[in-house]
Amino acid sequence: MSSIKEKFNQISPSEFFYSNRDLAGFSNPTRSLYTAVREFVENALDACDQKGILPDVHLIIKAVDPEKSDPKPYVLTVKDNGPGIDSSHIPLAFGTVLYGSKFGLKQARGMFGLGATMAILYGQITTNKPVIVKSSVDGKIQDEFELLLDIQNNKPVIVKHSTKEVSKHGLSVSICLEGDYSKAGNKIRDYVYETSLITPYASISFDDPKGEKFSHPRFVKDIPPPPTIIKPHPHGIDVERIRRMIVESQFEIPTIDDAMIEKVRKDLGLSMKNLSFTGIMDKAKKKWKTLPRQVRVVIALMSFLKMDFDKLMKIKIEDIDMANKKLFYWDFGDSQSKSTDMDPTSPYFKQLTNTVQGEPLTTFLTKRFQRIGPTTALKFAEFAGFKPEKRMGTMTNQELVNLSDSLQKYEDFLAPDPSCLAPLGEKPLEKGIKKFFNPDFTAVVQRPASAYSGFPFIIEMGIAYGGDIKTGGPHVYRYANRIPLLYDEGSDVVLKVVNDTDWGRYKVKGDPPFIIVSHICSTRIPYKTAGKENVADRPEIERELRLGLQYLSRKLAAYMSKRGQADMAKKRANLYAKYIPLIAQFCTELADKKKEPNYKKLLEDENSFESEKVVKKEDEIEN
Amino acid sequence: MKLKTSKSKERSNKADEKQKNILEMLKSHGAKIYDDLDNEQFPKFSIPSRSVSNIVYDKKLRQYILGNNTALRSSRNSSQLRSFTQLMWLAFFANRLTKEKKSSTLRDVYYSSQAFAIEFEDQSESDNIIVDLEAITSKPREDFHIFPEERSSIFGDLTIEYTIPGYEGKTMNLSNHPDGYSIGPSLTTAELVDTSAEIVIAIEKGGLFTRFVEEQIDKKFKSVIINTGGQAPRSTRTLLKRLHDEMKLPVIVLTDGDVYGEHIAMVIKSGSANAAHLRELTVPDAKWVGVWATDIEKYKLPTIPMTESDIKRCYDLQKDPRYQDGIWKKELDVFLRLKRKAELEAFSKYGLTNITDKYLPQKLELAKSL
């Protein structure tokens, strides 16, 4: 019998995405071209947003060989006027998977910059051409890289690197990829168009492969306030996240080498001076508040060793046993291990405990989460069955799971802080809708912030009727974090809410020309799929959408009834104008008269009477 | 044709008088509307309601009439404006017809409207407006020269004098043509001059009408024979009434032996609910002489079974106040009992002339005692 040996290999993230590219929206040439456009445009807009720059984004798609039939290779270039990327980061940022700058908790279009790398990866797979990145951070020097991805090792390969002088900062990324523009063109044009509606402060232009140019200049001059990066809300947390936070909160006992000692002396202002042990301790007490953590730990150790800098240089710390309050060290002079007792009442003892065992639970919670103050932390500790002073470093796995569960269950935390969100705002949204659709009626609403599972979100909605809008409405424009969602609309929560609405109740009948714009802003949009095209129906989000839509629908209904009355009055006036002269004509002959009766004034009076009535009604609605 | 006599001139004046009355009435309605408009008022008028709840049976008049409910039609009301205008146009059009002595049909009216930018959706809409005009003026549409298209016919020794343009003063005897004379506008408006007949026999079917002419029933029984062609058209009912009122002739009605036949006779006698707004279409003294349900048994007539709708019709008529007594109730009950019916032609079983030789004389005799 032969035994089968299985081989276990670790694969790199690049390899993983290479074999699972469907997940990220690179399933076929049509979808891939569209996804690549999205990823690069969104990165450009995100970069500008973060630095408060009014974005100028230029998208160019060119066929490598226009004579060939689709699918065929295209060169896709996206240029922006953003902050650029420092030349030292470029190879890693564009040549490795999972390298990004967007890991903080705030609203952004993309999460990790993953998509752009996927697009580059896809381009390389299908055309074997390098990505060309041009970046200028200072507006003077531009670095130009040609990069390939080493898929197996998840490492960038620099094919070429050069610099030249320029006059503007910004980033330009250019890839060559297999695509199908004849099929993806509609979606890409829609995407550019709809993006400019939700990003009214950006100028976006698009040169398509057929030589057509689409230009959407900015029509709002103010960038909405940028989101702030904030701490996580306790409801939105899991065990793995807590574990990582604990690791971040713990500190290694610094190695006390010459460099470290030199740093301590410098921070204490004693570089040129030798002080006695007590002198050093006095100085440290005075300067304590300004000292960095590492230095504090060294001082604490010195306080128990009762040593000055000279003696300190001749030992090495072996172990700190907080439980037995003993400090073990190796004395190079005597060449033996020694120990000293630590006084647990000393403030330096606490300092060491923090470092070795981590922070107490209450400190951990108040420092690292939003919406938890000292009082809440104590109440929560009681609720979860932990001692408030429980050290985070001493928690077992089971305790961590309990902690995580309790954080989810505890209901008295305030709702998440929405300052990490960046809704567009009612005014720019309204302006955008008016510019795009030239409607007879527009209403917009921004709902107050709400939260699902610890993630804050804000719903913005707009409704418009008439004007240039096509009949057959409602046409729904869906956005999430300023990204238009174009695919898979059937299963989207927004569509569900819109379709549940009985428009007849709001006096919208027949084949109405009206649109609905919906924008969901959140630190985490609950997409149903990795392709980021449809939003799942979380009850909290559904509820906010419903309330927003109801508010707008009532406004629309008021407008529709006003419009209906005006229409009716006009119709009536038309009826009178049509029939009264006929009646006059007939009765003149019947009554055997020569001249027609004077009915003109009757029609005039009627007209002015009707319009007066409508004007009055309008005022009532306004009030 | 005979020459004009002084008497005919008198009659001609009578026709002129009638026309003058109609024109005067239309003019007064028109003048009211005219004055309203001239005074910057939206014209309006009231019209007797023709809804079912306003149709009542008048025992004294022995016919259905409209009750006291009226509806206001105002040109101020935009939902009534269209029908208001249509009615005004119709009055205007009827005025012209009457003035020019031109006749037209319901269908003509429907099409004529289009020359005046008055749109009727279909003929039933224009027909309805015509009934409105009848209700307001209490005059049948024939007075406005609007005639039905269905024609019934007449035969017998009756001399008439035309009043229509081009024939004024000409007279005609209605026994000159064996196919009978069709009862159209000229005959309906003609003056009735003279007759030797002593009775009018209205018969439901054209086939029997021809048989009666062939068998010289007009001479044998000194009668004027009228073919109603099923349910008698209004012009025919008008003529029947005039023969009864002006020439003092009794009217008998002969129909198929079924519930529809019975009702044909009833409509000649006392009108229909549809024409409750008019009072000059009935011959209250008209007599239905057959074929009765009891005749089916008495004469052993071949029968066919009643259909579902025949039976339903019987039950409907049982609720009608006119069917609550006399032969009307009795025969209806017998029909329901037999659940069978017999046509006039059924007598042919006993020979083609059986109906004229045997049945008719018996019935005429019987009619005297009804």
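Me: Start with a pair of strands. In β7(A), which residue is the bridge partner of A:Ile60?

Reply: Strands of a sheet pair through backbone hydrogen bonds, either parallel or antiparallel. Here A:Asp207 in β7(A) is the bridge partner of A:Ile60. Strand β1 (residues 56-63) of chain A and strand β7 (residues 203-207) of chain A run parallel and are joined by 5 bridges. Two strands count as paired if DSSP finds at least two bridges between them. Helices (H or I, at least four residues) and strands (E, at least two) are DSSP runs, numbered from the N terminus.

Me: Before going on, what sort of model is this, and how are its parts numbered?

Reply: It is a predicted model, in which local features need pLDDT of at least 70 and side-chain atom pairs count only at pLDDT 80 or more, while totals for chains, interfaces and linings use all residues. Residues are numbered from 1 along each chain as its sequence is written, and chains are lettered from A and ligands numbered from 1 in the order in which they are written.

Me: What is the order of the open sheet of 8 strands in chain A, and which are its edge strands?

Reply: The order is β5-β4-β3-β6-β2-β1-β7-β8, with mixed pairing. Its edge strands, each pairing on one side only, are β5 (155-165) and β8 (213-216) of chain A. For angles, axes are lines fitted to C-alpha atoms, for helices over the stretch in contact, and the angles run from 0 to 180 degrees between N-to-C directions. On average, neighbouring strands of this sheet are turned by 15° against each other, direction ignored.

Me: Which helix packs on the sheet, touching β1, β2 and β6 of chain A?

Reply: Helix α2 (residues 29-51) of chain A does so, and its direction makes about 175° with that of β6(A). Helix α5 (residues 181-198) of chain A lies across β1, β2, β6, β7 and β8 of chain A, at about 15° to β8(A). Two residues are in contact if their C-beta atoms, placed from the backbone, lie within 7 Å.

Me: Now burial. Why is strand β17 of chain A described as largely enclosed?

Reply: A residue is buried if 20 or more other C-beta atoms lie within 10 Å of its own, exposed if 12 or fewer, and partly exposed in between, with C-beta atoms placed from the backbone. In β17 (residues 514-522) of chain A, 9 of the 9 residues are buried, so the strand is largely enclosed by the rest of the structure. A:Phe514, A:Ile516, A:Ser518, A:Ile520 and A:Ser522 point one way from β17(A), and A:Ile515, A:Val517, A:His519 and A:Cys521 the other way.

Me: Which strands are joined to β17(A), and how do they run?

Reply: Strand β14 (residues 455-465) of chain A runs antiparallel to β17(A), with 9 bridges; A:Ile463 stands opposite A:Ile516. Strand β15 (residues 475-480) of chain A runs parallel to β17(A), with 6 bridges, and A:Ala480 stands opposite A:Ile520.

Me: Is A:Pro232 buried or exposed?

Reply: A:Pro232 is buried, because 21 other C-beta atoms lie within 10 Å. This proline lies in the loop between β8 and α6 (239-249) of chain A. A:Pro232 and A:Gln370 are 138 residues apart in sequence but 6.0 Å apart in space, C-alpha to C-alpha.

Me: How many residues does the largest nonpolar core have?

Reply: A nonpolar core is a set of buried Ala, Val, Leu, Ile, Met, Phe, Trp, Tyr and Cys residues joined through C-beta atoms within 7 Å. The largest has 61 residues, and B:Ile225, B:Val253 and B:Ile268 have the most contacts inside it. Helix α9 (residues 259-270) of chain B gives the most to this core, with 6 residues. A second, separate core of 50 residues includes A:Ala422, A:Phe436, A:Ile458 and A:Leu552.

Me: Last, the two chains together. How many residues of chain A are in contact with chain B?

Reply: 20 residues of chain A are in contact with 23 residues of chain B. On the side of chain A that touches chain B, α17 (539-590) and α18 (600-622) of chain A each supply at least two residues, and α17(A) gives the most, with 12 residues. For residue classes, Ala, Val, Leu, Ile, Met, Phe, Trp, Tyr, Cys and Pro count as nonpolar, Asp, Glu, Lys and Arg as charged, and the others, Gly among them, as polar. That side of chain A divides into 13 nonpolar, 2 polar and 5 charged residues.
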